[in-house]
Amino acid sequence: MSHVLLLRLAAPLQSWGVTSHFAPRRDSQGRPTKSAVIGMCAAALGLPREPPAAESGAPREAREAAHTLFGELVRTVFAVRADHPGVPVRDYQTVGAGRYPLRPRDLITDHRRAAAVSASLDEATGDRFGEHRLSGWYGAPKKIAADPVSGALVSGELYRSALTTERWYLADATFLVALQHEDRQFLESVGAALERPRRLLWLGRKSCPPSGTLYLGVVPGDAETAFRTRALLPGPENASGGGRRLWAWFQVPPLERDAMPVQDQPVGFHALGPEHTTRWEARRRITLEPNPAEWEEIIL
């Protein structure tokens, strides 16, 4: 028999990127991605981005436990119901191209910078570093490597132009997310971890922490039944709800009718870049039952 872990994903801002990665335009699709939700659960459980290897010295039991937990998370069947779809918000940003004070580490990592401000450093008095500036410099040193002649650490990118970025968010959105699995105890352990996470949680980006109640419990059955029998989640003031007929997205087998490929099935969350593969998803209308089960003690 299968069981369903229910989560409430709500915040002033959410962002669920799929196609862009550190690009000038950072998109957000209109609903949470499986990769982001599984990553959030993995962070709550305290799983490492890269499972410890045998040569790392970590106990074998710890390595096997981390691998098993991540594998079970990935194996869950994912679904999401848009109770309050939210409003797309565009954030236009310019970064850099200013003059910023140097830090001691900036001098240590590039001897050219130290030479350029040596006069002001010599004039400084007291036990404080003071404020020293370089014209046309911005940000932290990038591409640091050892100089082939002297061996000193040198920044390969000393000057940079202003960066222009366009970022998209969902404002005032609330989603009901389901993770379906046959092991109820496993789902309850994930829910308990989300209540007391071992790492910080966010909804797509670090600037979007979840607000209010996150874990809504574990119920028997499948995701579609849970969506039909649970009432609309409360949303923020002035947020438009979906009424009694809501859009929902379900992970389905590839050959199912109306199945569409989605590139958000997580493979790994390595620090150098996450890996994803294809899963299949179908969009359906969910009609709430006449007397759906009401939610209790939800903190907005």
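Q: How many salt bridges does a search of the whole structure find?
A: The search finds 11 salt bridges. The structure in question is a predicted model.

Q: What is the distance between the closest N and O atoms of Glu182 and Arg75?
A: Those atoms are 2.6 Å apart, and the two residues form a salt bridge. The pair links distant parts of the chain, 107 residues apart.

Q: Where are the two partners, Glu182 and Arg75?
A: Glu182 lies in the loop between β7 (163–181) and α6 (184–195), while Arg75 belongs to helix α2, which covers residues 60–75.

Q: Is Glu182 exposed, partly exposed or buried, and why?
A: Glu182 is partly exposed because its relative accessible area is 43%, and that class lies between the limits of 20% and 50%. Arg75, at 44% relative accessibility, also counts as partly exposed.

Q: Moving on to Glu224: which side chain does it meet in a salt bridge?
A: The side chain of Glu224 meets that of Arg284, at 3.4 Å from N to O. Here too, distant parts of the chain are linked: Glu224 is in helix α7 (residues 223–229) and Arg284 in strand β11 (residues 275–287), 60 residues apart.

Q: And what is the relative accessibility of Glu224?
A: The value for Glu224 is 31%, so this residue counts as partly exposed. Arg284 is partly exposed as well, with a relative accessible area of 25%.

Q: Which residue pairs with Glu289?
A: Glu289 and Arg228 have side chains that meet in a salt bridge, 3.2 Å from N to O. Glu289 lies in the segment after β11 and Arg228 in helix α7, so this pair ties together parts that are 61 residues apart in sequence.

Q: How accessible is Glu289?
A: Glu289 has a relative accessible area of 31% and is partly exposed.

Q: Which residues do salt bridges that share partners join into one network?
A: The network consists of Arg31, Asp264, Arg279 and Glu281.

Q: A change of topic: which residues form the positive surface patch?
A: Arg49, Arg198, Arg199 and Lys206 form that patch.

Q: Where does Lys206 lie?
A: Lys206 is in the loop between α6 and β8 (215–220). At 69% relative accessibility, Lys206 counts as exposed.

Q: What about cysteines: how many disulfides does the structure hold?
A: The structure holds zero disulfides.

Q: Is Cys41 buried or exposed?
A: Cys41 is buried, its relative accessible area being 1%. Cys208 counts as buried as well, at 1% relative accessibility.

Q: On to the backbone: what is the phi of Asp172?
A: Asp172 has a positive phi of about 55 degrees, although it is not a glycine. For context, most residues other than glycine have a negative phi.

Q: Where is Asp172 found, and is it buried, partly exposed or exposed?
A: Asp172 is found in strand β7. With 36% relative accessibility, Asp172 counts as partly exposed.

Q: And what phi does Asp258 have?
A: The phi of Asp258 is positive, about 65 degrees, and this residue is not a glycine either. Asp258 is found in the loop between β9 (245–251) and β10 (260–268).

Q: Why does Asp258 count as exposed?
A: Asp258 counts as exposed because its relative accessible area is 57%, and the class requires a value over 50%.

Q: Turning to Glu296, what is its place in the chain?
A: Glu296 is in the segment after β11. This residue is exposed, with a relative accessible area of 68%.

Q: How far apart are Glu296 and Leu216 in space?
A: From C-alpha to C-alpha, Glu296 and Leu216 are 9.1 Å apart, while 80 residues apart in sequence.

Q: Last one, on Gly217: is it buried or exposed?
A: Gly217 is buried, with a relative accessible area of 14%. Its place is in strand β8.

Q: What separates the C-alpha atoms of Gly217 and Ala192?
A: The separation is 9.3 Å, for two residues that are 25 residues apart along the chain.

Methods
Residues numbered from 1 in each chain as written. Predicted model: local features only at pLDDT ≥ 70, side-chain atom pairs only at ≥ 80, totals over all residues. Heavy atoms only, no water. Salt bridge = Lys/Arg side-chain N within 4 Å of Asp/Glu carboxyl O. Helix = DSSP H or I, 4+ residues; strand = E, 2+ residues; numbered from the N terminus. Buried < 20%, exposed > 50% of the residue type's maximum accessible area, 1.4 Å probe, protein only. Patch = residues over 30% accessible without salt bridge, like charges linked within 9 Å, V, L, I, M, F, W, Y side chains within 5 Å. Areas by Shrake-Rupley, 256 points an atom, 1.4 Å probe, with all protein chains shown as cover. Lys, Arg positive; Asp, Glu negative; His and termini not counted. Charge placed at Lys NZ, Arg CZ, Asp CG, Glu CD. Disulfide = S-S within 2.5 Å.
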